[in-house]
Structure formats: structure tokens, C-alpha cells
Amino acid sequence: MKTSHHNGIITIMFGALFLCGCSSSHPPGKMQQQAKQHDTISTLFDFNDGVIPPEFVFNNADATLVDDNKGGKALHIKFHSQANLHTAFAITKDPGWDWSTLGDVSFALDIANDGERSSSLWINTNDGDGASYTRAISVPPGPAQTYYGKMNGHDLASPSENINIELNFESGLRSNPATWQGYEDNMFVSMWGKKNLNVSNIKRIAFSVDYALYDREITIDNIHLIQSPKADPLFLSQIVDKYGQNAKKEFNGKIHSDTELAEQRQTERQSLNQGKPEHRGKFNGWTEGPKLKATGYFRTEKVKGKWYLVDPEGYLYFGTGIDIIRLSNSTTMTGYDFDPSLVKQRAADDLTPEDSEGLNRVPDKAINSRHLVSELRANMFEWLPSYADALGKHFGYRREAHSGPMARGETFSFYSANLERKYGQNGTDYLQAWRDTTVDRMLNWGFAALGNWTDPSFYDNDRIPFFANGWIIGNYKTVSSGNDFWAALPDVFDPEFEKRAYATVQQVANEVKGSPWCVGVFFDNEKSFGRSETLESQLGIVLHTLKRDGQEVPTKAEFTRLMKEKYGNINQLNEAWGKHIQSWAEFERGIDSTLTKEGSQRATQIADYEALLYAYGAKYFGTVNKAMKELMPNHLYLGSRFADWGMPWPIVEAAADIVDVVSYNNYKDGMPAKRWAFLEKLDRPSIIGEFHFGSLESGMFHPGVTLAASNADRARAYSEYMHSVIDNPYMVGAHWFQYIDSPITGRAYDGENYNVGFVSVTDTPYKDMVDAAKAVHTNMYKRRYHGEKKLDTQ
């Protein structure tokens with residue numbers, strides 16, 4: 001079983017069939033095809049012969065032919081996704097399709113959805129070379145619409161060497177706007193993978209619904225190839241207006257003037273006067289519930305079979321919140337750079353990663369060295385201020401990037417500029433006004449806290465609790481799991497790692513200042529501890545570290561010590577593992593760590609590797625926990641927020657044995673019981689650190705990691721997700737990612753251009769999301785404590 005992942009999604013392959021996580025839906029009939037707008041090169045399948053083609057393969061899904069209301073047939077598919085974590089259908093071809101002579105060609109089909117929920121489908125295309133490209137769509141309830149994915153040409157051209165081709169286009173965006181206009185069709189949203197597949201040998205196109213809370217049904221028809229229209233040469237030009245919005249599309253809530261910004265602020269101000277929900281204590285605990293021991297700080301306790309946080313006053317507390325309440329991730333690359341010798345570079349003792357830096361504007365002496373690096377990027381903006389302009393203060397700089405069109409360069413924050421436009425009249429401190437409004441919003445919307453990555457300037461608000469965060473970075477040695485998505489892993493047995501852990505915890509302690517309003521602290525995020533696709537990828541840290549020299553790699557030296565302690569004689573280890581290692585000295589220098597193919601030796605080797613992996617995890621979490629208990633003894637240690645693709649069981653066990661609350665980032669429909677059954681075995685308080693849903697309704701070019709069909713559908717998905725968390729007895733909270741939409745042209749660090757905010761780039765709240773949050777939070781405590789699963793009302 002093979003799995004690949006990027007940014008919180010797992011793609012699982014049964015045999016050669018890729019499956020990936022989200023949702024989908026539609027009952028049979030009612031296929032109302034839209035009028036064709038493209039030249040059809042060929043129809044691959046239309047089902048009118050009354051037979052399901054043999055090229056179709058189904059996994060935990062049923063298919064039947066239905067009338068298409070035009071005298072022909074269509075294919076109705078029901079995904080049994082409530083009972084199965086992975087469901088799919090795939091169209092296979094052996095030998096593969098050869099579309100190499102067709103020029104700029106796209107794969108298209110019509111999809112209808114008459115269900116109550118949108119149907120999010122993951123589309124994985126595989127070629128004969130073993131490469132794959134993952135895209136996604138969200139199909140709203142209703143009649144058929146045409147959806148397409150480009151197979152060749154247009155913006156699929158090979159990107160520059162510095163671009164992470166699995167994530168971003170040449171533009172630096174995760175998904176571009178459509179390269180042609182005026183057609184009634186819907187483009188597949190780019191996710192990850194190889195964009196330039198071998199179109200002379202396309203082997204499989206699979207559509208999947210995974211980790212869903214409910215069954216989905218769709219009806220498909222008219223699977224065909226279209227001649228892609230000529231690309232608009234200006235499709236990436238002047239796409240952003242002066243407020244950071246889509247310049248070429250009108251949508252509900254779009255701001256056109258500073259006057260509209262002021263009007264939106266005044267209208268919202270009146271609604272915020274309502275304050276927080278009833279029956280909330282000083283720290284947002286539930287005053288209608290039992291009163292437990294009050295310690296003056298947050299703690300955990302299991303009550304009536306369910307884990308809870310307990311607030312400083314002793315009230316039950318469920319830690320809902322929103323992440324990224326800060327300006328650090330609001331910037332986007334402009335296409336310009338400066339003489340690097342005039343820009344302050346990173347120091348070895350820095351405690352803040354580049355992605356968490358503020359605007360970080362270059363010094364005035366560097367401005368004259370400003371020069372164009374990417375004309376493509378620079379042409380995206382209708383407007384940017386000069387450095388001498390009043391709004392020039394919202395320029396920033398990134399000294400490094402994870403992925404995107406530039407390795408470093410100038411940034412601009414339209415969100416920050418809009419805050420000054422909106423709150424900075426008559427000399428008002430616009431940032432303080434924004435902070436006050438943000439706290440008012442969180443209380444009014446019912447959130448129990450400010451989520452992870454909240455700017456420390458909020459820590460002394462004394463009105464709403466907060467979650468703090470730190471990053472353990474430094475010049476310690478590193479190890480690898482074999483797929484280090486964000487960065488290499490720390491060598492946790494290097495003494496330098498402990499020094500950096502203590503320095504980081506001390507910095508957080510200095511920021512928190514012992515405040516009882518601090519729920520706890522997350523350290524790091526989505527570490528590449530190992531992946532779930534194969535046993536080897538799960539044990540990657542051990543497999544790769546055993547090959548290395550213990551004289552240079554402290555973790556390897558510790559692995560040698562542990563095995564020597566267990567076996568004593570190297571011959572005993574050889575017999576147990578089926579190896580031919582000559583001595584412990586050879587073991588220390590580096591060995592062939594390949595797992596034995598079969599038998600008891602393989603089982604012993606796996607058990608030993610799992611023990612070594614646990615030792616690594618225990619050292620990682622234990623080191624941070626030791627620093628926490630010394631420097632922040634009154635605050636909870638909340639772990640490192642496991643990505644759902646990076647959760648090897650020994651590492652999860654190590655975390656559960658050490659941290660106060662185990663944290664997970666889970667970009668799925670919710671928490672299906674089968675997927676999260678392991679929580680019962682751990683029996684530890686747990687929290688969701690990240691989840692979100694996004695759509696294209698507000699002019700963005702990418703919905704996000706998990707898709708919805710509209711803003712209203714985002715709200716529906718949010719409510720269902722939260723209910724699945726509230727109903728889980730081991731969960732003590734969940735944080736939405738994130739407060740503000742990503743920049744439409746992508747975050748400076750990694751190009752994410754997602755519609756995942758509770759507020760837009762103009763600081764305008766999404767009403768559907770706000771209403772959903774109020775409804776969920778109004779009934780949250782009664783639902784969890786009493787099991788009242790009635791329809792939430794505001």
C-alpha cells in the first residue's frame with residue numbers, strides 16, 4: 001500500500017489505484033448537461049450503449065446506469081464513504097492512452113450532484129512512467145456541470161529550477177487562475193505532483209472520496225477530450241487590485257473604496273457589542289457545568305468518560321480557536337529584490353523562523369538597490385505603493401522561502417495596508433484597533449481562545465485565553481526520515497538540540513510572563529517523523545540513521561548503545577536480524593539497515609526498529625517537556641501538531657507518554673470513528689491544531705487543502721467537522737486554520753493562496769462562517785457534556 005502526501009493530505013494507492021481524502025455526492029437521474037463550449041477531440045465514454053465499460057474499476061463504491069434525460073445513459077456512482085475510509089472509482093487503460101499528438105488537450109467530464117452536501121473529489125492521474133498529478137474539485141448539489149483538467153500545454157510548462165514543482169506553478173501560486181476565459185466549465189484545482197505527465201502513456205485517472213463523514217453520490221457522463229482554447233497571454237497580468245482582491249471578478253463582499261471599508265467597520269461594530277455567549281466564565285469556561293478544582297491555570301481532567309481542559313477557575317473548557325492571528329503570513333512576493341549585503345541576514349541564535357517573522361522591511365539604505373527579479377510576479381499587481389508612500393510601511397522582506405518563484409525577495413501585505421486604511425483614521429493606532437476588534441470578534445463568535453501562532457502582542461489582552469507557540473531552530477545536527485517535507489529533523493541526542501530547546505522555551509516564557517490566560521504551548525509543527533505509505537517509510541528515521549556514522553551522528557550513537565545494551569554480542573544481533581555485521585565498531589560506522597524479507601527475524605528487526613524510533617520520539621518530546629517543567633511549570637505542553645501524513649505509531653506513543661495534550665493537524669471532512677479509533681488505546685487528551693475548508697466563490701484561485709463549493713458550504717462543512725470533534729471523548733478542542741485568507745498571489749514563504757480565512761484580505765468577515773461558529777459555540781458545551789445533538793441554533 002503506497003501513500004504520498006503534501007500539506008496534510010494522504011493519497012493511498014491500492015495496487016496502482018490512488019485514493020485521496022475528502023468528500024462527494026449525488027442521487028441518480030437529472031443529468032442536465034450544459035451546452036458544449038469547446039471543440040471535442042474525442043468522446044472516451046458516454047455510457048449510451050447501456051454497459052459499464054471494463055475500463056472502470058470501483059473501490060468501496062457501487063455504480064449503476066441511469067437515464068440522462070436525453071435519451072441516453074449516464075453513470076451513477078455511490079461512494080460508501082461513511083463505512084469505509086477509502087472509496088474511489090478509476091478509469092484504467094492498458095496500454096495507456098496516447099494523447100501526445102493532440103497538442104494542448106484537456107480531459108473533461110460532466111458531473112451532477114443532487115445530494116444535500118457538496119461532493120469533493122480528488123483526481124489522481126498516473127502515467128506509464130510511475131508519475132502522478134493530484135487535483136481536486138468540489139461539486140455543488142445540482143445539475144451537471146463540466147469539469148476539466150489540462151493534460152498538456154498552457155501553464156503546465158516546466159518551471160524554473162528553484163520552483164518546487166510538486167506544489168507551485170511557475171507563477172509561484174499553488175493553483176493558477178484559468179488560462180482561458182468565457183467558457184462554462186470548471187477547472188480542476190491543482191494540488192501536487194508532476195504537472196507534465198507523459199501524455200503518450202496515460203494509464204489511470206482515479207476519482208476518490210476519502211475520510212468522509214457521510215456517503216456521497218454523483219452521476220457522471222460525457223467523458224471526453226477537449227482542444228484547450230488558446231491561452232490568454234494576460235491571464236496572470238493585473239490580477240490583484242489595490243486592496244489585494246481579485247481584480248477581474250466581482251463577488252459578494254468585495255471592497256471598492258476606502259469608504260466601503262469604513263462602512264463595513266461601522267456595521268460590524270454594532271454586532272460585536274453583543275459580547276460572548278451566555279454561561280461563560282472569566283476564562284470562557286462553562287459556568288453551567290460542574291465546578292472542579294481550581295488551580296489558577298489551565299489543566300486537563302477526565303470527566304464522565306470524556307477528556308476536558310479545565311480553566312483556572314475550575315470550569316470545564318473546550319479549546320476552540322483560530323490560528324494565525326498575526327501579520328507574519330499575510331505577505332506575498334512582489335517580484336523585486338535588493339542587494340543582500342544591505343539586508344540583515346539570519347543569525348545562528350535566531351529563535352524565530354522566516355515564516356514567523358513580521359513584515360521585516362528592509363532598511364532605508366537598501367531601498368535604492370531595489371531591482372526587478374520576476375517580471376511575471378511584478379505584473380500581477382495593479383498597484384503597489386512607493387516606499388515613500390504612507391502605505392509603504394507595509395512592504396517587507398523574506399530572506400528565504402520554502403517554495404515559490406523566488407528564493408528571497410521583497411514582500412507586501414495588502415491585509416496590513418487595509419488595516420491602516422480601515423482603522424487608522426485621524427491618527428488612530430490601527431494595529432491596536434485591529435487587536436481590540438479581533439478579540440471582540442473571537443468572543444462574539446464564541447471561540448474559547450486565540451489559536452496557535454497568535455501574535456504575542458495579544459498575550460496581555462486579559463479578555464480571552466490564548467495558545468502560545470515556539471520553534472526549536474538552530475545549528476544542531478540533523479537526521480532524516482527519507483522525506484523531510486518542511487525541513488530535516490533535529491538530531492535530538494545532539495546536546496545543541498537541548499540548548500536550543502531551552503532557549504526557545506525561555507523565549508516563550510518571557511512572552512507569556514506566567515499569564516493564567518495562556519492555555520498551553522505548541523512547539524514546532526508537522527515534523528516529518530515518518531510517513532504512512534509503507535513500513536519502511538514509517539521507520540525512515542531508523543533506517544536512514546543506522547546507515548550513518550555514530551562518530552558524526554549522536555542519534556546513531558544512541559541507537560548503537562541501545563542495541564549493544566540489548567544484545568551484548570554482535571552475533572546475537574546478527575542472529576536476531578538475519579545480518580552479517582562483523583563488529584559493534586562496524587555497526588557504529590554504518591550498516592545496511594534493510595529489513596529482512598520474512599520470518600521471525602523480520603518481526604524482531606521491526607520490533608527493534610520501533611523501539612529505536614520510540615527512543616528518538618521520547619528524547620524529542622522529553623527534552624522539550626523537561627524545559628517546560630523547569631521554565632513554564634504552570635502551563636500545558638501541547639506537543640508538535642502531528643500532520644496526518646507524519647504519525648508513525650512509536651512517535652505518537654512517545655508523545656502520549658510525555659506531553660500534556662497530544663496535537664494533530666487533520667485536513668479531512670472531520671473525525672471518522674475508524675480513522676481515530678487509536679485514540680481509545682492512547683486515552684490521552686488530544687486537540688486538533690489545524691483544519692479548514694475553502695471555496696472559489698470570493699475570487700480566490702485555490703480553495704485550500706479541503707474543498708467546499710461556496711461560502712455557505714464552507715460553513716456547513718465547518719459545523720459538521722466541529723461536531724465530530726465535540727462528540728469525540730478524547731478531544732479537548734480544535735483550531736481553524738486560519739484567521740485571514742492567504743494572499744491571492746500566495747504566501748511569501750510557500751505560495752499558499754487559499755480561501756481559508758474567517759476574514760478576507762480586506763478584513764471583512766465571511767458571514768456564513770461567523771453564523772456557523774456562533775451556532776456551534778452556543779450549544780458546544782451542552783452537546784459535549786450532555787450529548788445534546790440537537791440542531792444548533794444561534
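How are H14 and H15 oriented relative to each other?

## Helices H14 and H15

The structure is a predicted model. Two packed helices are described by the angle between their axes and the distance between the axes. Helix H14, formed by residues 711-726, packs with helix H15, formed by residues 767-778, at an angle of about 25°, and their axes are 8 Å apart. Angles under 35 degrees count as roughly parallel, and H14 and H15 are therefore roughly parallel to each other.

The crossing in which H14 passes H15 is right-handed. On the H14 side, the residues that make the contact include Asn711, Arg714, Tyr718, Met722 and Ile726. On the H15 side, they include Asp768, Met769, Ala772, Val776 and His777.

## Helices H9 and H11

A second pair consists of helix H9 (residues 570-577) and helix H11 (residues 599-631), which pack at an angle of about 115° with their axes 7 Å apart. Angles of 65 to 115 degrees count as roughly perpendicular, and H9 and H11 are therefore roughly perpendicular to each other. H9 contributes Asn574, Glu575, Ala576 and Trp577 to the contact, while H11 contributes Gln601, Thr604, Gln605, Asp608 and Tyr609.

## Helix H1

Helix H1 covers residues 258-272, and its 15 residues should span 21 Å at 1.5 Å a residue; the C-alpha atoms at its ends are 21 Å apart, in agreement with that value. Leu261, Gln264, Glu268 and Leu272 of H1 are buried. Viewed down the axis of H1, these buried residues fall within an arc of 70°, so they line one face of the helix. An α-helix has 3.6 residues a turn, so residues three or four places apart point the same way.

Thr267 and Gln270, on the other side of H1, are exposed. The cover over the buried residues of H1 includes helix H3 (414-423) and helix H4 (430-444).

## Helix H5

Helix H5 comprises 18 residues, 495-512, and reaches 26 Å from its first C-alpha to its last, close to the 26 Å expected at 1.5 Å a residue. Its buried residues include Phe497, Arg500, Tyr502, Thr504 and Val512. Also among them are Ala501, Val505, Val508 and Ala509.

The buried residues of H5 pack against strand S27 (466-470), strand S29 (489-490) and strand S30 (518-523), and also against H11. H11 is the helix that packs with H9 at an angle of about 115°. Just after H5, Lys513 adopts a positive phi of about 60°.

Technical notes: Residues numbered from 1 in each chain as written. Predicted model: local features only at pLDDT ≥ 70, side-chain atom pairs only at ≥ 80, totals over all residues. Heavy atoms only, no water. Helix = DSSP H or I, 4+ residues; strand = E, 2+ residues; numbered from the N terminus. Expected span 1.5 Å × (residues − 1). Buried < 20%, exposed > 50% of the residue type's maximum accessible area, 1.4 Å probe, protein only. Arc of directions from axis to C-beta. Contact = heavy atoms within 4.5 Å. Axes fitted to C-alpha atoms, helices over the stretch in contact; angles between N-to-C directions. Parallel < 35°, antiparallel > 145°, perpendicular 65-115°, else oblique. Left-handed = near helix turned anticlockwise from the far one by under 90°.
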